[in-house]
Amino acid sequence: MYPKDYLYTEDHEWLKVEEDGVVSLGITSFAQSELGEVVFVELPEADADFAAGDELGTIESVKAVAEFYTPVEGTVIEANGELEDAPELVNEDPQGKGWLVKLRLKDAGELPELMSAEAYEAFIKDKQE
C-alpha cells in the first residue's frame, strides 16, 4: 500500500528522495482518509527556508483544518500549483499527483531518522488497535 522507496513520519507525511538532494513531500493515504474531502490547500512560497519540524502549510477539508510539517531542514523549490484549482488531488492520489512541495535538503543526514514503509504500516496498525 505504501511505496517502499518513500520515507514516513509519525505526523503522516511522506518524503520521496529525488535527484540532486531534492525531496518531494506530501501526506499519506491514511492522513487524507482521516481528513475527508480536501477543499483547499495552503502551500509555502518558493525559496522559503524551513527547519525540521516547521509548519509548511495547511490542508482544509470538509471535516477539519490540518497543518503539515517538514521533517527535514530545507528550502522550498516548488509548491504543487495544481492543488490551487484541484485540491481533490490530495484525496485522489496523495502519494502521487497530490504531492505538496519539493524541498532542497540542507542535511541528508536527517533522512535515516524517518520511518520505512514497513515501520509506518506497523505504526498505523498500532494506532488503529
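Predicted model: local features only at pLDDT ≥ 70, side-chain atom pairs only at ≥ 80, totals over all residues.
## Strands 8 and 9

Strand 8 and strand 9 (residues 101-105) run antiparallel and pair over five bridges. Two strands count as paired if DSSP finds at least two bridges between them. Strands (E, at least two residues) and helices (H or I, at least four) are DSSP runs, numbered from the N terminus.

Residues are numbered from 1 along each chain as its sequence is written, and side-chain values use heavy atoms, with hydrogens and water left out.

Strands of a sheet pair through backbone hydrogen bonds, either parallel or antiparallel.

At the strand 5 end, two bridges join strand 5 (residues 49-50) to strand 8 (residues 74-79). These two strands also run antiparallel. Asp49 has its bridge partner, Thr75, in strand 8.

How much of strand 3 (residues 22-27) is covered? The strand is mostly covered, with six of its six residues buried. Buried means under 20% relative accessible area, exposed over 50%, and partly exposed in between (1.4 Å probe, protein chains only). In a regular strand the side chains alternate between the two faces of the sheet. Here Val22, Ser24 and Gly26 point one way, while Val23, Leu25 and Ile27 point the other way. Residues on both sides are buried.

Strand 3 pairs antiparallel with strand 2 (residues 13-17) over five bridges. The bridge partner of Val17 is Val23 in strand 3. Lys16 stands opposite Ser24 in strand 3. Strands 2 and 3 form a hairpin, with four residues between them. Asp20 sits in the turn and has a positive phi of about 55°. Strand 3 also pairs antiparallel with strand 9, over four bridges. In that pairing, Lys102 of strand 9 is the bridge partner of Ser24.

A second open sheet has three strands in the order 4-6-7, with antiparallel pairing. Its edge strands are strand 4 (38-42) and strand 7 (65-69), each pairing on one side only. The twist averages 25° from one strand to the next. That angle is taken between N-to-C directions on a scale from 0 to 180 degrees, with axes fitted as lines to C-alpha atoms (for helices over the stretch in contact).

Strand 6 (residues 55-61) is joined to strand 7 by five bridges, and the two run antiparallel. Glu60 has Val65 of strand 7 as its bridge partner.

## The aromatic cluster

Which residues form the aromatic cluster? They are Tyr2, Tyr6, Tyr8, Trp14, Tyr120 and Phe123. Rings of Phe, Tyr and Trp (its six-membered ring) pair if their centres lie within 6.5 Å; planes under 30 degrees apart count as stacked, over 60 as edge-to-face and the rest as tilted. The count by this rule is six aromatic pairs.

Tyr2 and Tyr8 are edge-to-face, because their ring centres lie 5.7 Å apart and their planes meet at 80°. Tyr6 and Tyr8 are stacked, because their centres are 6.5 Å apart and their planes are at 25°. Tyr8 is buried at 0% relative accessible area. Tyr2 is buried at 5%, and Tyr6 at 9%.

## The surface

Val39, Phe40 and Val62 make a nonpolar surface patch of about 270 Å². Patches are made of residues with over 30% relative accessible area and no salt bridge; like charges are joined within 9 Å, and nonpolar side chains (Val, Leu, Ile, Met, Phe, Trp, Tyr) within 5 Å. A salt bridge puts a side-chain nitrogen of Lys or Arg within 4 Å of a carboxyl oxygen of Asp or Glu. Areas come from the Shrake-Rupley method with a 1.4 Å probe; for residues, only the protein chains shown count as cover. Val39 belongs to strand 4. Val39 counts as partly exposed because its relative accessibility is 37%.

Is Glu45 buried or exposed? Glu45 counts as exposed, at 62% relative accessibility. Glu45 lies in the loop between strand 4 and strand 5. Glu45 and His12 are 33 residues apart in sequence and 22 Å apart in space, C-alpha to C-alpha.
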